[in-house]
Amino acid sequence: DGVEQFGRLDIVVANAGGPPPGTPSQTSLDGYQTAWELNTLAMIAPIQTAVPAMRAQRWGRVLAITSIGARQPIVGLAASSAARAATTSFIKTLATEIGPDGVTANTIQPGLHATDRVKALHSQSGANPTAGIPLGRIGDAADFGAVAAFLCSEPANFITGASILVDGGAAGAQDAASAIGWSAMPAAERTARKPAKSRAARSARIFRSSPMLAFFRLLIMRE
């Protein structure tokens with residue numbers, strides 16, 4: 001127990017690997033249950049254990065690692081996207097509850113980073129992992145770690161209930177999240193589908209979903 005060993009508990013970071021890929025209709029109920037247990041319940045459990053000590057000392061940082069799929073669902077990672085969206089909702093409501101006690105709660109929503117899971121998914125599909133990422137590369141541990149360290153620091157004391165994208169701009173550019181899901185699909189499924197390539201169609205989709213963000217997303221697409 002961290003409190004017994006160190007006298008206090010300042011930071012809890014919840015993270016878990018992702019469930020197997022699959023489209024919404026092809027993923028079984030057991031697959032969704034597995035994702036729920038792995039990417040939602042297993043994240044909530046350590047946070048609920050840690051939060052009482054943080055509230056008692058009136059300082060703490062809760063950080064959950066979810067996915068770009070929590071904001072921009074990925075068709076080829078349906079179970080993961082659904083479970084991580086649930087975790088994001090939990091963190092946002094938790095932030096409201098524990099904020100008065102000086103404890104913040106946030107999530108990081110990473111895009112593609114150089115992990116074993118990403119390498120495995122893209123080696124199977126043969127897709128270019130940098131396609132649709134404005135910065136032209138996938139992330140590394142330093143990119144991710146710097147953001148996580150900041151959110152767990154004292155200077156981040158006025159940030160709570162936030163979901164921070166660390167994705168190289170992918171979520172807002174050229175329907176990149178769909179491209180990520182496309183690359184995670186089985187080859188036969190990709191053959192049966194054709195991704196939308198029309199700039200006008202992408203623009204209309206963005207305006208319908210979020211007019212306030214449309215300008216900034218379209219600016220990224222244009223650049």
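Residues are numbered from 1 along each chain as its sequence is written, and side-chain values use heavy atoms, with hydrogens and water left out. Because the model is predicted, local features need pLDDT of at least 70 and side-chain atom pairs count only at pLDDT 80 or more, whereas totals for chains, interfaces and linings use all residues.

Strand β2 spans residues 60-65, where strands are DSSP runs of E of at least two residues and helices are runs of H or I of at least four, numbered from the N terminus. Strand β2 is largely enclosed by the rest of the structure, because 6 of its 6 residues are buried (under 20% relative accessible area, 1.4 Å probe, protein chains only). On one face lie G60, V62 and A64, and on the other R61, L63 and I65; in a regular strand the side chains alternate between the two faces of the sheet.

Strand β2 runs parallel to β1 (residues 11-14), to which 4 bridges join it, and also pairs in the parallel sense with β3 (residues 103-110) over 6 bridges, pairing requiring at least two DSSP bridges. A64 stands opposite A14 and also opposite T107 in β3.

R61, within this strand, has a relative accessible area of 1%. A polar atom of the R61 side chain lies 3.1 Å from the backbone oxygen of S153, and the charged end of R61 sits over the ring of W59, 4.1 Å from its centre (CZ of Arg or NZ of Lys within 6 Å of the ring centre and within 35 degrees of the ring normal).

Methods. Buried < 20%, exposed > 50% of the residue type's maximum accessible area, 1.4 Å probe, protein only. Polar contact = N/O pair within 3.5 Å; in protein donor to acceptor, adjacent residues only side chain to side chain.
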